Amino acid sequence: MLYGACYYPEHRDPERWEEDLHLMRQAGLNALRIGEFSWKRMEPAEGAFDFAWLDRFVQLAGNYSIGLVLCPPMRTIPAWLAEKDSNLMIVNEEGVSLEYASRYTFCINHPLLREKSARLAAVMAARYGNSPHVIGWHLDNEIGDEPDCHCPGCKSQWQQWLKAKYGTIRALNHAWGTVFWSLEFDHFGQIPTPRITKADYNPAFLQSWREYRSDCNIEAVRLLAEAVRSQLGDNDQYITTNNQMFWSKRTDYYKMAEHLDIAGTNYYPPYGDRHRVLSFGLAASRSFKKAPFHVYELRNEGHAILGAADNTPAPGELERLTMHTIANGADGVFYFPWKRFPFGSEQNHGALTDFDGKPTRMYAECRRIGERLKTLAPFIAGSQVESDIAVLYDFPSRWHMEHRSAWTGDNGVYERQINMLFLTVRKLGYNCDAVGRTGDFTAYKLLLIPMLPIVDDDLVAKLQHYAEAGGTLVFHPMSGIKNSDACYFPDRLHPNMIRLLGSRTAETATSGPHSPVGFEWEGRQYVGGVFQELVKLETALAMGSFTEQWYKGYPAVTRQWTGKGQTWFIATYAEEAFYTDFITKLCREIGISPILSTSPPEGIEIAMRQQQDGTRYVFVLNGTAETVQMSLPERMTDLWNQEEVQDSFTLKPYQVRVLIE
Ligand code: GAL
């Protein structure tokens, strides 16, 4: 279990390093992430490396038994490099070349940037690849967090990428349907990048563009990972990076994770119970390698980014947030940053120590967490978050739903619908995983599909096999409707989706946010919205129907038995009350129990990690400022507070308990 912080030794007078390291040790920290913004200090002039300062810091950290996660930088380049070639700057969608003197303004495909950053990574790895004080390598910072680049280099690379994908321009024209608006191309050299234009671009064009940009980010990761890996000794140093949170869709993290040993993420949720809106990101991080992951930046105190300040954490909230990440599968947590920045762009960001390096209120809390983690870590080391339920998370589908020309409603609908399903499951007190299209569906009894517009033959066949072998699938509108080029199947559904659902789609109607549509299921009344799919049953049974407006009488909930399993279709995006009842009933039927056999009270999060021998650690976290009463099926031991817990107990505001049977 890594317990750490993000530290910037280059900001600090070396005479004060030991003072900081001493405080870190006292707080129980055993790891630091360093280096992602220190290219200039490592290579002050081209090819002239200076590692004397870093050698000294690595040794000092080692003296304090603090392991280092070193970051080879890539996207914050020194001025001497920016000066070498003005084409290094990103050209944005308006055709404007970005300026130097901020961060992430460079074209990640530029050969010079790639060459120099890979060289630096290799030099760093050659120097520290055998160091006992370096535990891992964290590639750059939030790769993918920059605007799309439309420079001439990117444009020609994009055209080559398309040629490799489609082979001939005829094939591309056919796949994209460029006959629409007379946009057929004669050769790949005519294809632009999607810069600002008058009307919408063809969704096929944008779908390929998103995939291409994602591939660019993955290639950047691959190159850095390769440069580091080629130099590593025969030791346990791992390679990782910090993905952006759930709101970022710019990189298919399932594909990117193939180049990493451990998945990592940043985590900046709001405080209070609202932290949940981002918690799907933790399940997603767990799913990229189907293993525990690290949180490389966990917020503490206020936030530096404009508009993101949010509430300052109340006493106890840092503890709750830290344990929330561990409960959801983090095996490493690093606070961002260790020390407040008296200079530079992020002076308003909260930290564990103040401008002068003196401990803050947050430090005291971090130290208390550190003491308790020391006792807990040996118990939970090696445990995993196990779940019978997963939500399918699919980047191609998300890209598609967020193109203006693909769907003319609210483009946050994918994020909202995935959260609706995930959070309902979690609020009912079950663990819930995410799984990607290439993941192992058979690990789950229940697979919830928020929407899945983009499918291919393989994916539909995989879903069919899953259901035939006994799995339960729950589909929603906008699933199985388009091929990989974002064009509709002639029957509105992939032919094998019709078999899987046991129904056809006659029409997909939409309703605005102010016109919910009522439906009935099991004698109870609910509302849905956004889409109402008008379904013609073939072999499926209608289990509930729309009850309002002109939708009245159309099936709203259908069920199709498939081999040993079943496929449900919810013909609208329903309200939470429906999912609460539906998931509870379905879980009972297919034999999935909540972690504590009851649903937690409002604002209480329950999560469970499990050892291979079956030992379960139940995390109970109070996300509210209130004292909450809870009951347990039996007496349990609270490892976090070192006390026995009776079948009825209280949780103080933000209190954390880790229970073992
Ligand atoms: C992160 C970023 C950090 C810092 C932080 C501020 O997204 O990786 O470098 O800017 O936000 O909250």
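Where does Pro337 lie? Pro337 sits in the loop between strand S8 (330-335) and H12, where helices (H or I, at least four residues) and strands (E, at least two) are DSSP runs numbered from the N terminus.

## Basis of the model

This is a predicted model, in which local features need pLDDT of at least 70 and side-chain atom pairs count only at pLDDT 80 or more, whereas totals for chains, interfaces and linings use all residues. Residues are numbered from 1 along each chain as its sequence is written, and side-chain values use heavy atoms, with hydrogens and water left out.

## Overall form

The chain has 17 helices and 29 strands. Its radius of gyration is 26 Å, close to the 26 Å that the globule rule gives for 661 residues, so the chain is as compact as a globular protein of that length; the radius is taken over C-alpha atoms, and the rule is 2.2 Å times the number of residues to the power 0.38. Along the principal axes, the C-alpha trace spans about 75 × 75 × 45 Å.

Of the 661 residues, 60% count as buried, a term that stands for under 20% relative accessible area, with exposed meaning over 50% and partly exposed in between (1.4 Å probe, protein chains only). The chain exposes about 25400 Å², of which carbon and sulfur atoms supply 50%; these accessible areas come from the Shrake-Rupley method with a 1.4 Å probe, and for residues only the protein chains shown count as cover. Among contacts (heavy atoms within 4.5 Å) with a separation of 6 or more, 71% involve residues 24 or more positions apart. The mean positions of the 66 positive and 80 negative charges are 1 Å apart, with Lys and Arg counted as positive, Asp and Glu as negative, and His and the chain ends not counted; each charge is placed at NZ of Lys, CZ of Arg, CG of Asp or CD of Glu.

Ser285 belongs to H10 (residues 280-288) and is buried, with a relative accessible area of 2%. Leaving aside neighbours within four places in sequence, Ser285 is in contact with Ala263, Thr265 and Phe293. After H10 comes Lys290, whose phi is positive, near 40 degrees.

The chain holds 49 aromatic pairs, where rings of Phe, Tyr and Trp (its six-membered ring) pair if their centres lie within 6.5 Å, and planes under 30 degrees apart count as stacked, over 60 as edge-to-face and the rest as tilted. The rings of Tyr254 and Phe288 have their centres 4.9 Å apart and their planes at 80 degrees, so this pair is edge-to-face. Because Tyr254 lies in helix H9 (residues 253-256) and Phe288 in helix H10, the pair ties together parts that are 34 residues apart in sequence. Both partners count as buried, Tyr254 at 12% relative accessibility and Phe288 at 9%. Ring pairs also link a cluster that includes Phe246, Tyr253, Tyr254, Phe280 and Phe288, together with Tyr393, Phe395, Trp399, Tyr414 and Phe422.

Trp39 lies in helix H2 (residues 39-42) and counts as buried at 1% relative accessibility. The C-alpha atoms of Trp39 and Pro78, 39 residues apart along the chain, are separated by 6.4 Å. Not counting residues up to four places away in sequence, Trp39 touches several residues, including Pro73, Met74, Pro78, Trp80, Leu113 and Leu120.

Pro378, located in helix H12 (residues 361-380), counts as exposed at 59% relative accessibility. Pro378 and Met1 are 377 residues apart in sequence, while their C-alpha atoms are 8.5 Å apart in space.

## Backbone geometry in loops

Most residues other than glycine have a negative phi, and most peptide bonds are trans. A cis peptide bond, with omega about -20 degrees, joins Phe336 and Pro337. Ser65, in the loop between helix H3 (52-63) and strand S3 (67-70), has a positive phi near 55 degrees. Ala101 has a positive phi of about 80 degrees although it is not a glycine; its place is in the loop between helix H4 (79-84) and helix H5 (111-128), and Ala101 counts as exposed at 70% relative accessibility.
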